[in-house]
Amino acid sequence: MSSTAQAESGRQCPTSVVPNVTTESSPQSAPAPERPVKLATRNLSKVFGPRPERALEILRQGGSKADAQKVGAAVGVYDANLQIREGETFVLMGLSGSGKSTLLRMFNRLHEPTAGQVLVDDLDITRLSRRELLEVRREKFSGMVFQQFAILPHRTVVDNVAYGLEVQGVNAAERQRRAREATALVGLEGWEEYYPSELSGGMQQRVGLARALAVDADILLMDEAFSALDPLIRREMQDELVELQARVNKTIVFVTHDLDEALKLGDRIAIMKDARVVQVGTAEEILTHPADDYVEAFVEGVDRASVLTASNIMQPVKETAFLRDGPNTVRTKMRRHGLSGIIVTDSERKVQGYITSEAVRAQIEDQAADRERLDRARVVPATTVGLQTPLQDIIGIASEASVPIGVVDPAGRLRGVVVKGAILAALVRPGNTDQNAGAAGAVRGEAANV
Amino acid sequence: MFDFRIPLRDWIENAVRYLQVELATLFDGFADAVSAVIGTLLNGFEAVPVLVLMAVIVLLVLWLTGWRLALFAVLGLLLIENIGLWSPFLSTLALVVTAQILIVIVGLPLGILAASSDTAERIMRPVLDFMQTMPAFVYLIPAIMFFGVGMVPGVVATFVFALPPLVRLVNLGIRQVPGDLIEAADAFGSTRWQKLIKVQFPVAMPTVLAGLNQSIMLNLSMVVIASMIGARGLGTEVLRGIQRINVGQGFEAGLAVVILAIILDRMTAAMGRRTEKRVRK
């Protein structure tokens, strides 16, 4: 599963900004250790309605979901075999009715499986008594995050966030402390004593997320968690989840019907259709090698290059140099982060240019050169694009630029960096790259900030 | 039409007689407990100076609702005192409160049971329908047989008649709690009890309070009927008015019942609105 490792390593170090371009462009060479399986299913099935056994028999003999329906059974999930690894963000994707939410709910037995096993840390939870199941739900799972938030209207934000801890019998002081911590983690500091009805949808979902994070167990289940939010808030929450995940490193199972969301969040994606898992793989695998016509049709509608913008694929800037930095300071900064070049900004984070490690070394070795400031002449123009520059335009720029591309806001301040690896990861198919590269010559207005 | 008549009457009589004998100790114990509660309440009410008791009631009203109803309570209570109905008013209050305590003690668990099991609901529904639609006077007969005359059979008849709305609305309220809140409670590993106490009941509270309000109103409507089997209070005064065809006397006592009803109704309705504001988005 080398491609899995590739996606995971990419997610693990999202802050390797202004990177060593050569390793980033050939990520396959980076061997990541296989992480242990956290959550697995074996031949897991769920049939609703009377006589589920008969429906399963029909499916076993090659019948479809519709055939099973004729005997009055609604097949939710059939024969799901998944291996979800520790620290992975695993997306279950499919249209409504495909069984993705049912599958998710079998992981903690909110839905009782009809057949098959659910293994949490190699423990088959389908065999557990109710009491043992409660323990597993408390200790292994960070609850669940729901589409309609499912927060308690009669409780304040902080009391909602503390719910999971309260159920576990954590004492009041400890509960308050951890709940406040989690509330701050999702950016709701100052809202602790408000009631849910006083909060916007996006904020309510933050409460839902904080409630799960407060428990701080390994597995986080998210059911269409962002689907009820309006597009801007939704994208913001996605970004924050990615950022949070880098910090908390949970095993996340995320259900969505939105391919873009799946591609953005998922280290791996399982695509479901008519109660079956039809393909599991990284975004690249699914986009480039769809398992069947269904997945291909699903994926086809997405023109990644025209949909995504710089703000979608940029990564945070880890370090910048200032003109007033001495060359030794700059060299230390670059070494600390393993950079081969660094973007130079002024004190307001406005981009001034770019300097390579060679240029810095040259300045240090040049006896006549300035010790206190970077030599202006050695700083080359930086390549920048705007936050809203489409990916298809960035491709053209990236193919010409040998340095990382800075992303600037309308005021010219540096907001992030686009690296080549991220562009590749964001693209649908290799074919699209060539097609769009031609049109990418035209750089948007604010893009060429030299 | 037929010579044969189904001896329904005999069956019921026999059944009641049988219970009367077999469960005599149980009924006696129950009767003692109920009369102890009524006695304690009444003694308490009478031990407190009239004006102090009035002030307590008015402050409670003021805290729960607002100054308008508090003003109404002041005037209403003073009127009751003025027309010499304070003592029967206290008897009625003790009767109503005792019956209501019993209704809540029995009604809440039954409502919760009905909400947690479809079978329980299916069994309870016709029983509740029966209890509520059977003319209230009918309950007086077995009440007398089991408990004699006085306050206790009054409480029992009132209890039977006013219990159904509370059970129904507790059931309804809990069943209406959104499914994802239940799933959330389960996903975090709540026990049944935790789910009930921390999620279902608080979210159902506005509906539960509506049930409480309705049962209090039915409870009050039994006051006059219960007086026919010797439950003292405002009902007795109304009854006297009827017997003597004294419209003034009957009207005065009736007015006192109305005043009590308005105060209790508005108070419980205000409690419902309070929780509702928070629970409904």
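Start by selecting chain B. Of its contacts between residues at least 6 apart in sequence, 76% join residues at least 24 apart, where two residues are in contact if their C-beta atoms, placed from the backbone, lie within 7 Å.

Before going further, keep in mind that this is a predicted model: local features need pLDDT of at least 70, side-chain atom pairs count only at pLDDT 80 or more, and totals for chains, interfaces and linings use all residues. Residues are numbered from 1 along each chain as its sequence is written, while chains are lettered from A and ligands numbered from 1 in the order in which they are written.

Colour chain B by pLDDT (the predictor's confidence in each residue, from 0 to 100): the average is 91, and 98% of the residues score at least 70.

Now switch to cartoon. Chain B shows 13 helices and zero strands, taking helices (H or I, at least four residues) and strands (E, at least two) as DSSP runs numbered from the N terminus. Its C-alpha trace spans about 65 × 65 × 40 Å along the principal axes. Of the 281 residues in chain B, 39% are buried, meaning that 20 or more other C-beta atoms lie within 10 Å of a residue's own, with C-beta atoms placed from the backbone.

Next, select residues 50–64 and 67–82 of chain B. These are helices H3(B) and H4(B), packed at an angle of about 155° with their axes 8 Å apart. Axes here are lines fitted to C-alpha atoms, for helices over the stretch in contact, and angles run from 0 to 180 degrees between N-to-C directions. The two helices are therefore roughly antiparallel (angles over 145 degrees). Show side chains for the contact: among them are Met54(B), Ile57(B) and Val61(B) from H3(B), and Ala70(B), Val74(B) and Glu81(B) from H4(B). By class, this contact has twelve nonpolar, no polar and one charged residues; Ala, Val, Leu, Ile, Met, Phe, Trp, Tyr, Cys and Pro count as nonpolar, Asp, Glu, Lys and Arg as charged, and the others, Gly among them, as polar.

Bring in chain A, with its 21 helices and 16 strands. Of its 450 residues, 47% count as buried.

Last stop: where the chains meet. The contact takes 17 residues from chain B and 19 residues from chain A. Which helix of chain B gives the most to the side that touches chain A? Select 179–187 of chain B, helix H9: H9(B) gives the most, with six residues. For the complex, the predictor gives an ipTM of 0.80 and a pTM of 0.71.

Conventions
Parallel < 35°, antiparallel > 145°, perpendicular 65-115°, else oblique. Buried ≥ 20, exposed ≤ 12 C-beta atoms within 10 Å, placed from the backbone.
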